Each structure stands twice: as C-alpha cells, then as structure tokens.
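Thanks for coming. Please have the structure open.

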Amino acid sequence: MTDKELKTEKAEERIFLSSPHMSGGEQKYINEAFEQNWIAPLGPNVNEFEKVVAAYCGVKDVAALSSGTAAIHLALIILGVEAGDEVITSSFTFSGTVNPVAYQGATPVFVDSEEESWNMDPNLLEDAVKERIKLGKKVKAILPVHLYGMPANMEAIQAIANKYGIPVVEDAAEALGSRFNGKPAGSFGKISILSFNGNKILSTSGGGMLLSNDSKIVEQARFLATQARDAAPYYQHSQIGYNYRMSNILAGVGRGQMEVLEERVRQRRVNHFFYREHLEQIEGITFLKEPNDSYFSNFWLTTILIDPEKTGISNKELMEEFEKHNIESRYLWKPMHMQPVFSDSPAYLNGTSERLFKKGLCLPSGSNMTDSDRARVLEILKRTLNKM
Ligand SMILES: *Cc1c(COP(=O)(O)O)cnc(C)c1O
C-alpha cells in the first residue's frame with residue numbers, strides 16, 4: 001500500500017468494539033428529571049426504569065443500582081457471604097464478577113468452561129461442590145455468568161444448586177435480552193444482576209440492577225444501597241450500608257434505552273450472522289454459537305477462535321492489523337484462575353478457558369454498526385488472512 005492510500009484509510013472513522021447507542025428517546029426523560037429537579041439517586045425515572053426491566057425479565061422486583069459490580073456485592077451480602085466463606089464462580093469472566101467476593105473477605109472458587117457455551121461446566125461444578133463440602137468449606141453461593149450474551153446451561157447448574165441447597169446468583173451483566181429455554185436472562189437466580197455500563201448492550205453510562213422474585217431481598221438491597229438507614233425520625237444506623245443507588249438522570253437514560261432493547265438485540269444478531277456467513281467456511285476460524293434451541297443469545301459480542309496453524313495468523317496479529325486500520329477488537333477475558341490477584345484461589349480446570357483465551361478474539365459488535373462498517377471489518381480480516 002502506498003503512503004497516500006494508508007493516509008486515506010487512517011482518516012476513516014474508528015469502528016469500536018461496542019460503543020453506546022442512544023435512541024434519542026433518552027433525552028425526554030433526562031429533561032423531565034431537570035424540570036422536576038429530581039437530580040438525586042431516587043425519583044420517578046428510577047421507579048419507572050425498575051418497573052420496565054422487572055416486566056421485561058419477568059421478575060417480581062428489581063433495584064436500580066450504581067453498577068453491576070455493586071449489585072453482585074449486595075447480592076452476596078444479602079446471602080450472608082462472610083470472611084472465610086466460599087463462592088463458586090466461572091473462571092472465564094470479567095473481574096467485576098469476582099471482586100465482590102473478595103470485598104466480603106470470602107474466597108472465590110473457580111470452575112472452568114464447557115466447550116458448547118464457553119460458560120461454567122456443570123460437571124466440573126458438581127465436582128467442585130462435592131470437594132468443597134468434603135473439605136468442610138462453607139459454599140454460600142454459585143455465581144454463573146452468561147459470557148458475551150451466551151446463556152450458561154442454567155438447567156444443569158440449577159439442578160446442582162438445588163441438589164446441594166446452594167443459592168444461585170446469576171451474573172447476566174452481558175446478557176440482557178438473551179434467553180435460555182425461552183426464559184429471560186436475569187430471571188434464573190435467587191438473585192440476578194444486570195449491568196448498564198458504557199459498552200453493554202444497553203448503556204446508562206454506568207449502572208446496574210439487582211433482580212429477584214423475592215421482594216424482601218430487593219427491599220433489603222434498596223435499604224443497603226442507601227446507607228442502611230433505620231426507620232427512625234433521625235439518621236440512625238444499625239448496620240453498615242453503601243451508597244449504591246442509581247441516579248434519577250441515568251435511570252432516564254435507561255428508560256429510553258429499554259424502548260429499543262429488542263432492536264438492539266436484533267442488530268447485534270445481524271452482526272453475528274454476517275460474520276458467520278462470510279467467515280465460517282474458512283478453515284481455522286470457529287465461532288461461539290448457540291449450541292441448540294435452548295439457547296438464545298443477544299450476541300453482545302461476536303467472538304471467534306483463530307487457529308494459527310490453519311490460518312497462519314494469531315489473534316494478536318489480527319488484532320494489531322485491525323488496529324492499523326482504526327478498528328477496535330479485543331482479546332477474550334483472561335480467565336480468573338490465570339490472574340495474579342486470584343492466584344491463590346482454588347480452581348477446577350479442564351483447559352478450556354485457557355485454550356479459548358489463547359486463540360480468541362472479540363470482533364466489533366456494536367448495534368450501531370452499518371453495512372459499510374461490517375464490510376470494512378470483513379475486508380481487513382480477509383486481507384490479513386490472505387497475506388499470511
Ligand atoms: C460488566 C460486567 C460486570 C460488572 O458490571 P459493572 O456495571 O461494570 O460494574 C460483571 N460481570 C460481567 C460478566 C460483566 O461483563
């Protein structure tokens with residue numbers, strides 16, 4: 001390529017991995033908040049946003065919070081997770097899943113992935129539960145994750161949780177709009193959580209939600225999220241609280257976003273099937289796909305594995321090539337059992353998440369991608385493969 005050609009390409013707009021995608025409808029609710037001076041971590045937008053999400057996910061009650069991480073933290077507190085306890089979770093996840101376990105002084109126990117969904121392997125989970133119990137550990141929760149929007153095998157996971165009487169906290173941060181056996185992600189846990197961070201399928205810039213069919217749990221979450229204030233005429237506190245509630249302005253953004261959720265899911269799935277249509281036949285490139293009819297993914301991110309022996313390139317080389325052309329891609333989550341900060345935690349492994357991490361790449365997957373964006377990504381990918 002000549003320098004001149006390179007320059008014109010450099011000038012091309014950046015294609016992001018997953019950028020916020022406003023509908024325009026958000027502004028109305030933000031304006032209402034300003035007009036009514038509800039500039040606080042409570043108000044009509046918070047109440048309405050909660051109602052809409054509860055109805056969508058088919059759960060009794062939800063609490064809008066400052067982040068998904070805060071929601072997991074409160075879930076663990078409500079389930080009585082304390083120092084010395086254990087929480088069994090997926091190794092293949094984002095640190096936001098696991099950090100709250102450490103906040104409580106508890107130990108995360110990592111379970112590796114199954115091939116089909118890339119999520120918590122139910123067989124390994126049962127091995128882990130049995131061994132932890134045998135070792136005399138107090139396993140207070142099972143915390144599965146629906147990574148990249150792909151539901152975990154909740155049927156098998158819940159069967160194990162029920163068998164051993166351990167509550168499930170469902171991390172649906174990446175999976176709003178996904179379903180398993182026709183049931184919405186966010187409705188499976190004794191407590192479930194969602195995130196509305198900047199690059200999730202819906203964004204309120206930052207935010208999260210705690211969901212449960214047990215209204216008492218949600219009531220407790222609201223109480224803890226607002227500094228655990230007793231019912232007294234003055235400020236009285238009998239336990240430690242948190243400042244974890246969602247702002248009424250951000251909840252306005254959330255209301256506008258919920259109005260286009262189905263459209264956003266559709267757009268992400270268009271990306272996924274576009275990539276598959278054009279790349280699936282290439283030897284050495286494989287996709288995370290819905291394993292069978294039980295799974296419906298929002299395809300928050302479309303993810304591929306690249307076999308360097310068959311394609312001649314590594315995930316790193318492809319990522320660097322994308323970057324040269326102003327296209328953002330990203331490694332898969334580095335498994336938690338490989339993280340320096342969690343190196344002391346017990347882990348039940350089968351090699352799957354390490355293999356995925358080594359070979360995987362997240363492709364640009366924003367719901368605001370245009371036909372020409374997708375074509376540009378494909379063109380660079382194909383050109384890179386042919387060069388090798
Ligand atoms: C984003 C995310 C979280 C944390 O949500 P925040 O709102 O960013 O705190 C937790 N778990 C997973 C799997 C996530 O992707």
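Start with helix α3, residues 44-57. At 1.5 Å a residue, its 14 residues should span 20 Å, and the C-alpha atoms at its ends are 20 Å apart, so the two agree. Keep in mind that this is a predicted model.

Now, which residues of α3 are buried? They are Asn-45, Val-46, Phe-49, Glu-50, Val-53, Ala-54 and Cys-57. Looking down the axis of α3, you find these buried residues within an arc of 160 degrees, so they line one face of the helix. After α3 comes Gly-58, with a positive phi, near 70 degrees.

Next, the ligand. There are 15 residues around it, and those that come nearest are Thr-69, Asp-171, Glu-174, Ser-195 and Lys-200. By type, the shell divides into 3 nonpolar, 9 polar and 3 charged residues. Two helices, α4 (68-78) and α5 (95-103), each supply at least two residues of that shell.

A backbone N or O atom of Gly-68 lies 2.7 Å from an oxygen atom of the ligand. For Ser-195, a polar side-chain atom is 2.7 Å from a ligand oxygen. In Lys-200, a side-chain N or O atom is 3.2 Å from an oxygen atom of the ligand. How much of the ligand's accessible area does the protein cover? The ligand has 380 Å² on its own, and the protein covers 95% of that.

Notes. Residues are numbered from 1 along each chain as its sequence is written. This is a predicted model: local features need pLDDT of at least 70, side-chain atom pairs count only at pLDDT 80 or more; totals for chains, interfaces and linings use all residues. Side-chain values use heavy atoms; hydrogens and water are left out. A residue is near a molecule or strand if one of its heavy atoms lies within 4 Å of it. A polar contact is a pair of N or O atoms within 3.5 Å; within protein, one must be able to donate a hydrogen and the other to accept it, and residues adjacent in sequence count only if both atoms are side-chain atoms. Accessible areas come from the Shrake-Rupley method with a 1.4 Å probe; for residues, only the protein chains shown count as cover. Helices (H or I, at least four residues) and strands (E, at least two) are DSSP runs, numbered from the N terminus. Ala, Val, Leu, Ile, Met, Phe, Trp, Tyr, Cys and Pro count as nonpolar, Asp, Glu, Lys and Arg as charged, and the others, Gly among them, as polar. The expected span of a helix is 1.5 Å times one less than its number of residues. Buried means under 20% relative accessible area, exposed over 50%, partly exposed in between (1.4 Å probe, protein chains only). The arc is that of the directions from the helix axis to the C-beta atoms.
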